[in-house]
Amino acid sequence: MELTKFLAFLAVVLPVAYGAPSPVANSLHPEILAAMKRDLGLDATQATARVAREISAANVIEQLRASTGSSFAGAWMADGALNVGVTDEALAAEVTAAGATPVIVANSLSKLEEAKLALDNQDITQANTLATRDADSGIAAYYVDVAANKLILEALPGSTAHAEALAAQVGLSASEFEVVTVNEMPTTFATVRGGDAYLINRAARCSIGFSVTTGFVSAGHCGTAGSTATTSAGASLGTFSGSVFPGSADMSYIRTVSGTTLTGQINGYGSGNLPVSGSTASAVGSSICRSGSTSGVHCGTVRALSATVTYAEGRVTGLTQTTVCAEPGDSGGSYYTGAQAQGVTSGGSGDCTVGGITYFQPVNEILSTYGLTLVRS
């Protein structure tokens, strides 16, 4: 009984996604509308139209990524329009014909991604000197900003020169990167407080990501293979079958015990269950919402794809950066756009009082890594 209640709660905790034009997609859940109004300043009509545009844009992006080949320089949403960067001006007409706005830039996406990959393969630790202290130094994250057509390196004040040197080491000129100063390093959002969601080894608390046909997915830093997952009341949910963190991902798969009810829904926190209908990835600039067991539902926008983040435990590659806030205990929880599952909460900085920057692990990578099938409503 406890399991059934808990997984019903999961269905509730997993954010709702409303996809391409369909009867369900035409009306976003009241909880999502309320969160988008609070965090993005959109009324119901604006929010519904925005989500529909963003989901539709995903197909156009993939079409142009293939047709423009090595000239493709990324895509992003801005002021309701889909912008697609290309390095060859002769492709502008093709981009326009596909329904997007062409932006001619100097660097292809592949060039900037190769530089980022070179950084991923380097030791980016900064040697301390008399002029720097551990608290003042560190490379927080780095990612390709497709709208700026640059590699962005986020660094603490004592590491700006180090970040510039790293960019030069991977072959980037001054016009191809930017160092952004930040005041704190990202952290994961796990916590050792009891409460809702699920407990790892009856201690740390995290949030459910999405149900799959044999269990559920969450963040890798929540637990290692073999760790137990239980309800707050102590009833067994299952065992971590796979986990990656740090390194190439922050993802985990928990195989649930027999008799567990798995639903394709997300917790609307007081507004009923939110359905999940697919996992089409959103573009940079798209709206996105998150559901977690500590702070509930919050929304923001996608800032960057495939970011590398430095946590105390080590670097993690392949994360998506967002402006959605999160707090301890929200780790592993659902990110979604409309009814499309996007990923599970990894970590970040700030909180839901002052705002913050967060990162999520894309859900499609989790599904493909472990051979899982998303449960849909």
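**Values and definitions**

Reply: Arginine 65 counts as partly exposed, because its relative accessibility is 35% and the class lies between buried (under 20% relative accessible area) and exposed (over 50%), with a 1.4 Å probe and protein chains only. The model is predicted: local features need pLDDT of at least 70, side-chain atom pairs count only at pLDDT 80 or more, and totals for chains, interfaces and linings use all residues. Residues are numbered from 1 along each chain as its sequence is written, and side-chain values use heavy atoms, with hydrogens and water left out.

Me: What makes glutamate 62 partly exposed?

Reply: Glutamate 62 has a relative accessible area of 44%, and is therefore partly exposed.

Me: Why is the pair of glutamate 62 and arginine 65 called a salt bridge?

Reply: The term requires a side-chain nitrogen of Lys or Arg within 4 Å of a carboxyl oxygen of Asp or Glu. For glutamate 62 and arginine 65 the N to O value is 3.4 Å, and the pair qualifies. The two residues are three apart in helix H3, so about one helical turn separates them. Helices are DSSP runs of H or I with at least four residues, strands are runs of E with at least two, and both are numbered from the N terminus.

Me: How many salt bridges does the structure hold, and which residue forms one with arginine 50?

Reply: There are six salt bridges. Arginine 50 pairs with glutamate 54, the closest N and O atoms being 2.5 Å apart. Both arginine 50 and glutamate 54 are buried. They lie four residues apart in helix H3 (residues 44–68), about one helical turn.

Me: Why are lysine 116 and aspartate 120 called buried?

Reply: Lysine 116 has 5% relative accessibility and so counts as buried; aspartate 120, with a relative accessible area of 17%, is therefore buried as well. The closest N and O atoms of their salt bridge are 3.0 Å apart. Both residues belong to helix H5 (residues 109–120).

Me: How do you know that the buried residues of H7 line one face of the helix?

Reply: The buried residues of helix H7 (residues 363–370) are Val363, Ile366 and Leu367. Seen down the axis of H7, they fall within an arc of 95°, so they line one face; the arc is that of the directions from the helix axis to the C-beta atoms. Their cover includes strand E14 (251–256) and strand E21 (340–351), where contact means heavy atoms within 4.5 Å.
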